[in-house]
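Subject: Structure for you to look at

Hello,

Here is the structure I promised to pass on. Please open it first, then read my notes below.

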Amino acid sequence: MASSLVDVASVPPEIIGKIATFLPVQDVLNCTLVCKTWKEVISSESFYKAYTLSHYNFDNEEQPSGHLAAWQDPEEWFCYWDDSYADDKTADAYVFSDPPERWKCGIVHLAKYKLESDKDLRYKDFFRAVAILMRIQKAAEQLDLDCGMWGNEGSGVVEVCLFPWSKDTLPTAKDIVALFHFHPELRKKTLENTSLSDEEDDGDEDEDMSWNGLRSFTEDDKQKAVNFFKWLKKIFTPFIYIGIGCNLMNPVVCFLLGHIAPGWVGGVLTSLVCT
């Protein structure tokens with residue numbers, strides 16, 4: 001009887017790449033341990049491009065959803081810098097002059113940004129950034145995440161955002177105002193908070209289910225929440241909180257950002273009800 005075993009060394013590299021494209025991330029990582037050839041194939045830029053584009057939908061939403069929809073609807077937020085806004089929702093009051101967009105995989109990105117037009121794009125780094133944001137997005141749903149900062153309460157869903165960033169330092173509030181095309185009035189009132197080191201765990205379960213304003217309200221799987229925040233601390237060190245339009249609009253646009261991959265800054269996009 002002929003043996004059904006296949007010598008992995010005889011499998012053409014292009015076949016290895018095609019098969020691995022269908023595997024979950026952990027299985028792909030395991031494949032890099034099989035042999036030198038498999039590692040080279042699966043570590044290549046062409047593989048990461050194929051894998052990323054086949055697993056995530058980077059078409060833009062036809063209509064804005066979530067926070068993007070709310071911030072483009074004058075009935076969903078309050079403007080405090082234009083006295084005529086209370087009576088006339090068509091007044092010159094808006095959040096973004098050129099609103100950010102959202103890929104169908106859920107990630108918010110800068111207006112007009114196109115993957116295919118980014119000549120500096122490295123898909124291996126981009127994949128890492130996307131995978132991190134997908135885990136945060138999944139946790140937001142499963143662990144009932146909310147975000148509160150500066151003594152204020154979260155007011156909506158924890159969403160995720162991503163944009164190219166080549167500097168060694170994290171963006172400032174001024175950078176974010178420019179990148180996201182915020183109304184000129186909103187740049188007058190911003191808040192920032194940074195951290196350059198990990199926090200020490202004190203063993204308190206409630207503390208372990210929160211981190212710097214981001215917290216979980218799950219009652220079903222507290223250990224999963226604890227594990228998530230331990231992972232999150234490692235990813236977002238250092239990080240920066242940025243609030244845009246404080247005392248000028250409500251809810252306030254809020255970011256929690258970190259260098260999540262070479263050439264990329266991303267993290268949480270949410271809103272705060274300032275009281």
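Helices (H or I, at least four residues) and strands (E, at least two) are DSSP runs, numbered from the N terminus. Val-273, for example, lies in strand 13 (residues 264-273).

Two notes on reading the model. Residues are numbered from 1 along each chain as its sequence is written, and side-chain values use heavy atoms, with hydrogens and water left out. This is a predicted model, where local features need pLDDT of at least 70 and side-chain atom pairs count only at pLDDT 80 or more, while totals for chains, interfaces and linings use all residues.

**Overview**

The protein has nine helices and 13 strands. It has 275 residues, and 46% of them count as buried. Buried means under 20% relative accessible area, exposed means over 50%, and partly exposed is in between (1.4 Å probe, protein chains only). The protein exposes about 14,700 Å². Carbon and sulfur atoms supply 51% of that area. Areas come from the Shrake-Rupley method with a 1.4 Å probe; for residues, only the protein chains shown count as cover.

Contact means heavy atoms within 4.5 Å. Take the contacts between residues at least 6 apart in sequence: 67% of them join residues at least 24 apart.

**Confidence**

pLDDT is the predictor's confidence in each residue, from 0 to 100. The average here is 85, and 85% of the residues score at least 70. Where should you take care? Over residues 196-204, pLDDT stays under 50. The model has twelve contacts beyond four places in sequence for that stretch. Where pLDDT is low, the predicted coordinates should not be read in detail.

**The core**

A nonpolar core is a set of buried Ala, Val, Leu, Ile, Met, Phe, Trp, Tyr and Cys residues joined through side-chain atoms within 4.5 Å. The largest one has 83 residues. Those with the most contacts inside it are Phe-126, Ile-136, Phe-182, Ile-244 and Phe-255. Helix 6 (residues 123-142) gives the most to this core, with eleven residues. In soluble globular proteins, nonpolar side chains tend to be buried together.

Look at Phe-255. Beyond four places in sequence, its contacts include Cys-161, Phe-182, Ile-244 and Leu-269.

Val-265 counts as buried because its relative accessibility is 0%. Val-265 and Ala-129 are 136 residues apart in sequence, yet 8.1 Å apart in space, C-alpha to C-alpha. Among the contacts of Val-265 beyond four places in sequence are Phe-163, Trp-165 and His-259. Val-273 has a relative accessible area of 32%, so it is partly exposed. Its C-alpha is 9.7 Å from that of Cys-246, 27 residues away in sequence.

**Aromatic rings**

Rings of Phe, Tyr and Trp (its six-membered ring) pair if their centres lie within 6.5 Å; planes under 30 degrees apart count as stacked, over 60 as edge-to-face and the rest as tilted. The whole structure has 24 aromatic pairs. Why does the pair of Phe-239 and Tyr-241 count as edge-to-face? Their planes are at 80 degrees, with the ring centres 5.3 Å apart. Both residues are buried.

One aromatic cluster holds Tyr-56, Phe-58, Trp-103, Tyr-113, Tyr-123, Phe-126 and Trp-264. Elsewhere, Arg-135 lies over the face of Trp-231, at 4.2 Å from the ring centre. That needs NZ of Lys or CZ of Arg within 6 Å of the ring centre and within 35 degrees of the ring normal.

**Backbone and loops**

Which residues does a cis peptide bond join? Thr-237 and Pro-238 are joined by one, with omega about 5 degrees. Pro-238 lies in the loop between helix 9 (222-235) and strand 10 (239-244). Another joins Asn-250 and Pro-251, with omega about 0 degrees.

Asp-144 is not a glycine, but has a positive phi of about 55 degrees. Asn-247 is not a glycine either, and its positive phi is about 70 degrees. Asn-247 sits in the loop between strand 10 and strand 11. It is exposed, at 56% relative accessibility.

Finally, find Tyr-80. It is in the loop between strand 1 (78-79) and strand 2 (101-102). Beyond four places in sequence, Tyr-80 touches Asn-247, Leu-248, Met-249 and Asn-250. The C-alpha atoms of Tyr-80 and Met-249 are 5.6 Å apart, though 169 residues separate them along the chain.

Best wishes
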